[in-house]
Amino acid sequence: MPFKLQRREHASRLMLIAAPLSAVVLSTIVCSGLLFILNKPVGQTLYSFFIAPFENFYSITEVFLKFGPLLLIAQALAVGFRAKVWNIGAEGQMIVGAIAASSVPVYFVDSTSDWLLPAMIILGALGGMAWAAIAAFLKTRFNANEILVTLMLTSIALQLLYYLLLGPWKDPMGFNFPQTVMFQNEALFEPLFSGVRLNTSIAIPIIFTIVIWLFMERHFGGFKLVVGGLAPQAATYAGFSAKKAVWVSLLLAGFAAGLAGMSEVAGPIGQLQRSVTSGYGYSAIIVAYLGALNPLGIVFAAFFLAVLQIGGDVALVSANLPISAVHVFQGLLLIFYLAVYTLVHYQFKPIRSASLSATSDHVT
Amino acid sequence: MNSTSRKLPNALARTLTAIATAGCLFSTAASAEPLEIGVLLPSPIADVGWSHALNEGIAAVKEKYGDDVNVSTIENIQEGPDADRIMNKMIGDGQQFLLLGSFGYMNAGLKLAQRNPDRTFLHASGYKTAENFSPFTAKYYEGAYLMGMAAAELTKTKKLGVVSAFAIPELISTINGFTLGARSVDPEVTVDVIWINSWFDPAKAQDSAKALLAGGADVLFSNAQDTPSVVTVGEEAGAYVFNLNSSMKEYAPTKYLGVVKTDWAPFFVASVDAHLAGSFEGKNEWLGMNDNVVVVEDWSSDISADMKARIDAMHEEIASGARHVYDGPLMNQEGEEVIPSGERLEDGAILGMDWHVEGVNSPLPK
């Protein structure tokens, strides 16, 4: 019997929750099939992905170490995505945040001041915001597409990073290798427990999440932002500004991504080097959508993706899986989610021959 | 793997392993646990290039020890916090002997080595050491010197071009060796260098190679490029070309000058031997022709028999230590004498080299 997709009158609450869950189940099934074909141990791989990250205390702290930046950036991106501002360049904003923050220990190599870390936090946030502001300016002033601009700015940020590492910021004792000095302890976040890399910076994404939740769910500003993005003209009539939505979305994302970049160099890395982002800026896009752009949903999604990435690393070592297999799994997850998410707003209706002529609301 | 052996005191475990290895003479020592070897590589292993050469070296260890070693290789891991976690996991999984295949794994690897004094670490291209942590580098400049001699004979424009990765001492000293070799045959030859700041950027490498050719170079040197891009450009343009690490002759069948190959097998096997015997000592391992690590082969048939004889003789002298690439007199780019005749540049000065010899036209990036 043929079916058609029909728009629901109200978004389905059930599907909203079922969508990410079925995405997980479906991608697990497909991935298992692929592993089977690749002749890899399916059971051990799934164990690596979903159980091993919780096997010991160290692994659990590593999950939270990944969870932090994913959560921070995804929350900010989601605000923009709800306002239809497509910032794809959180990666670049993160890099510039890391650069700006690193200027402190690079120029004050011998300082042991307690103000090092606070200064780095502020500069990291400002750096990310400044980078995002370029895209916001070009969008509001010249209507330049922010998808392209933010993406290209990421490439420029990378070149800026390389330039600094090979030139003025190079470690004078580092034999010309592209890296800065190792930062002094005063420029690093304190580890939460001895022997682990998880550190006090985890507080930043948690506080940020609460603030975002209050802003989007409990505050009129969040509503204005969404309307400004969804229906710019209606927003203008109501006195809200679409330009403001662009500025707020991008600056917020720059703020969060800059802080995330700062937390990486002042956390697990401990210096500025060529790879500082671990791809968080892109993964956070997946997190934002898996979390249905909802602050609470994003918490779960960020945690899930963190587990998946730690599990992926375990699978590399213990199940001898190639790294591309990990990426395939993560990609499948997003694709299935987007496919199933259609059912939040649409439903399948059987097409009866009599009603074939009356399919005015048929999706094209 | 069972955990009993890990619970044994370290020294005892080592003694047992040593006895077990010695026991191979009498029986197959079925009681011995295989040595767990972990290999971490920055790029895909592929058919040619850096990771490929390291992997070949490890293959020799496998061949020698068979079931007595268990090698797990993880390729294509970007340097950074994720690599650090993976190394940590390798240690947690009980791997006793780690080969870290990239400079950027240094700081995290060293920390792990200090925390796990019973494990052995080999680290490519770094400069920090610990009792159980040896950085290793090849004396590429020895091979490059011979390539320079061949290039000087074959060039018509008297201009040679180098596409190079990072301006680190290892690569600077290789370019200098190449230049010294060329100018030992023909003092009019000069060298242009383009630094592309990447080990792996085929598009940029190709563009740079074409730019060097446009500037008049007719011999190309692909310095630490993990792809055959420069080599294919040379073949297409009819310019002789050579590279490091593993042979890329198939990409330039008619214009391949030769390869400065790294054969890590002797070094890796010796290190595993030492680990098993409990005699491993972390130190800066700097390996050349004399160690059979730097191997020059696949010579172009266009090199005259005369020149080939001269190259072979020089090969002998360098390998035996009678001659050193950095014997004086050495002049820098500014034409100032760095080392007078009769003296030799110290090892430390080569390992930290941050200047070019006379004959290199391009300034070093500062």
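How many residues does the contact take from chain A and from chain B? In this predicted model, 20 residues come from chain A and 26 residues from chain B. On the side of chain A that touches chain B, helix H6 (146–166), helix H10 (242–269) and helix H12 (295–318) of chain A each supply at least two residues. H12(A) gives the most to this side, with 5 residues. Sorted by class, the side of chain A that touches chain B has 11 nonpolar, 6 polar and 3 charged residues.

Chain B itself is divided by the domain assignment into domain 1 (4–138 + 264–291) and domain 2 (140–261 + 294–351). Taken over C-alpha atoms, the centres of domain 1 of chain B and domain 2 of chain B are separated by 31 Å. Contact between the domains involves 12 residues of domain 1 of chain B and 16 residues of domain 2 of chain B. On the side of domain 1 of chain B that touches domain 2 of chain B, the elements giving two or more residues are helix H3 (50–65) and strand E5 (133–138) of chain B. H3(B) gives the most to that side, with 3 residues. The residues on the side of domain 1 of chain B that touches domain 2 of chain B comprise 5 nonpolar, 7 polar and no charged.

Chain B also contains an open sheet of 6 strands, in the order E7-E6-E8-E9-E10-E12, with mixed pairing. Strand E7 (190–195) and strand E12 (294–297) of chain B stand at the edges; each has a single partner strand, so one side of each is left without a neighbour in the sheet. From one strand to the next, the twist averages 15°.

Within this sheet, strand E8 (residues 219–223) of chain B and strand E9 (residues 240–245) of chain B run parallel and are joined by 4 bridges. B:Ser222 has B:Asn243 in E9(B) as its bridge partner.

A helix is placed against several of these strands. Helix H6 (residues 140–154) of chain B lies across strand E6 (159–164), E8, E9, strand E10 (256–262) and E12 of chain B. Relative to E10(B), helix H6 of chain B runs at about 175°.

Note on methods. Residues numbered from 1 in each chain as written. Chains lettered and ligands numbered in written order. Predicted model: local features only at pLDDT ≥ 70, side-chain atom pairs only at ≥ 80, totals over all residues. Domains from an automatic or database assignment. Contact = placed C-beta atoms within 7 Å. Nonpolar A, V, L, I, M, F, W, Y, C, P; charged D, E, K, R; others polar. Pairing = 2+ DSSP bridges. Axes fitted to C-alpha atoms, helices over the stretch in contact; angles between N-to-C directions.
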